[in-house]
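Trainee: I would like to learn how to read this structure. Where do we begin?

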Number of protein chains: 2
Amino acid sequence: MLVTLAGGVGAARLLSGLVQVVDPADITAVVNTADDLVLHGLHISPDLDTVTYTLAGLDNKETGWGLAGETWHVMERLEALGGEHWFRLGDRDLATHLYRTQRLSEGATLSEVTAEVAARLGVGVRLLPMTDDPVRTRLTLAEDASDGQEVSFQHYFVRLAHSVPVRSLRFEGAEAAGPAPGVLDAIESAAQVICCPSNPLVSIGPLLAVPGVRPALEARREDVVAISPIVAGTALKGPADRLLAELGHESSVVGVARLYVDWAGTLVIDEADAALADEVARTGMRCLVTPTVMGTPERAAALAKVVIDAPR
Amino acid sequence: MLVTLAGGVGAARLLSGLVQVVDPADITAVVNTADDLVLHGLHISPDLDTVTYTLAGLDNKETGWGLAGETWHVMERLEALGGEHWFRLGDRDLATHLYRTQRLSEGATLSEVTAEVAARLGVGVRLLPMTDDPVRTRLTLAEDASDGQEVSFQHYFVRLAHSVPVRSLRFEGAEAAGPAPGVLDAIESAAQVICCPSNPLVSIGPLLAVPGVRPALEARREDVVAISPIVAGTALKGPADRLLAELGHESSVVGVARLYVDWAGTLVIDEADAALADEVARTGMRCLVTPTVMGTPERAAALAKVVIDAPR
């Protein structure tokens, strides 16, 4: 059994590689939910949906989010009504949010709803939200940019197009949250734990903030393999590089290693960063150099193969 | 100034006739909200939407509900996910519900949202929900049909296709509700109050149950003109005829007159019921006989003309 720690797009890509080399039924993905939002009354779980849609083969490969062949009738009309339309929700994607919101209102947990949607879409990987409780990433913007306003993750990420500097972040509700059923058991009993190439601060960070998860990972440190989402100093997608720098970390594989060293034994870095392998090793992590950019399904599968064969 | 008491389709038809013969800016419609429901987390106001869409010229004339030229991408996907799909929500219609739900979550009142949507869609009539408070029609089904189960209005009307007998009904929340801002003022100051050909029990009934509305109407009794929704003993649409019979009333213009006589001075009945005009008059209402079936815009306008010219 494998456990993956997952954010959105990067994690979805790695998982789509893993299912080519491992039986999907042997994979559990623990997915970030601190990006979730309630908008128009609907409970939206962007990372869970990205992973689910990708594993179902329904993902929109051009945009990197949402569904392929999507239509936008609701959104166009909402815009005409003067409604909030900065968070783009396609017609078919909306059905997922309607389903989730209705089931939650009936008393189902997010874990249960996630499993139901995955089963309906034929996803063989077991998908677990990191928690069934509300945990929300809140970012305080740098003072010169916005008077130190605190905003939600999606406000920062989508509405502001993650183009403003951030001074600090926190995971609202994390202290009171518990890991979703099965999360700690999965980490404890897994043959290997794979930390996907997701944003260390706002995708993996929330998972570590859920009480019990970090100690569980520390106890399995030698079997935890992380893939750096930073390649040659930059993030392939999203603001991970800038966030690392703005929040006092190094935007490099070395910076990632310093964040992960306490609970991950191995860091997989891209060939572009081969010159930094020794420095990564000096943080205390084993370092594995391999192509990590998953431009094609074949490359994703090749990376997955390297990861599951990583020496421990 | 005219005030109309409105349910859904029948009221929308009469209003579309009235705006042909009266300046829309001189018309206030007080609309039933006891059919409202929250589904998929969305606040849906079927009667307000039917009236709004019809006056905006966007109504689907074939189905009698929803928008013309509608698409169903969300619903099709929701059905594929195993979600609740008995209440059909078109893509463009959904945008209204997303807009309303978001605005309500921001603290706007239903009155404010209703005015915003109407303004965006170019509706000149002033539309007021009967109340900004939650009032919900609840129907107890007859025991032989369902063990006396109590259900929501839309459960009865849509999910059960109003095909089961009803034993009783109540308007949950009515005692604690207040009329929406402007409702009582409009009734008090109107030159005429028109009770649309809507279901007496589940469309007009909730309006009368909002504290203050019935006394306000009684005080204006001589200027209140009602149009019977019952023609030749049957409802043109919906279950008004069966509901009247099941709940101990006569399913006829006479039964309608007995329900309205305390607060309406005149009842307009269809030519098909001309033989009952004297019996209506014996209830204490003036009775006006004219074609009331609004099959075309011209017929709706002709009926509207008769109503506003009704002798008082």
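Mentor: Begin with a helix. In helix H3 (residues 73–80) of chain A, five residues named here are buried: His73(A), Val74(A), Met75(A), Arg77(A) and Leu78(A). Buried means 20 or more other C-beta atoms within 10 Å of the residue's own, with C-beta atoms placed from the backbone. Helices are DSSP runs of H or I with at least four residues, strands are runs of E with at least two, and both are numbered from the N terminus. This is a predicted model: local features need pLDDT of at least 70, side-chain atom pairs count only at pLDDT 80 or more, and totals for chains, interfaces and linings use all residues. Residues are numbered from 1 along each chain as its sequence is written, while chains are lettered from A and ligands numbered from 1 in the order in which they are written.

Trainee: What do the buried residues of H3(A) pack against?

Mentor: An α-helix has 3.6 residues a turn, so residues three or four places apart point the same way. Here the buried residues of H3(A) pack against helix H4 (91–105) of chain A, and also against H3 and H4 of chain B. Contact means C-beta atoms, placed from the backbone, within 7 Å. After H3(A) comes Gly82(A), with a positive phi near 85 degrees.

Trainee: How many residues does each chain bring to the contact?

Mentor: Chain B brings 26 residues and chain A 27 residues. On chain B, strand E4 (42–44), helix H3 (73–80), helix H4 (91–105) and helix H5 (110–120) each supply at least two residues. H4(B) gives the most, with 10 residues.

Trainee: Which rotation superposes chain B on chain A?

Mentor: Two copies of a chain are related by a rotation about an axis and a shift along it. Here the rotation is 180 degrees, the shift 0.0 Å and the RMSD 0.0 Å, by least squares on the C-alpha atoms of residues with pLDDT of at least 70 in both copies. The two copies are therefore related as by a two-fold rotation axis. In chain B, the C-alpha nearest the axis belongs to Gly41(B), at 2.7 Å.

Trainee: Now a sheet. What is the strand order in the open sheet of chain A?

Mentor: Strands of a sheet pair through backbone hydrogen bonds, either parallel or antiparallel. This sheet has three strands in the order E7-E6-E8 (chain A), paired antiparallel; pairing requires at least two DSSP bridges. Strands E7 (150–152) and E8 (166–172) of chain A are at the edges with a single partner strand each, so one side of each lacks a neighbour in the sheet. Six bridges join E6 (residues 136–141) of chain A to E8(A). Leu139(A) stands opposite Leu169(A) in E8(A).

Conventions
Contact = placed C-beta atoms within 7 Å. Buried ≥ 20, exposed ≤ 12 C-beta atoms within 10 Å, placed from the backbone.
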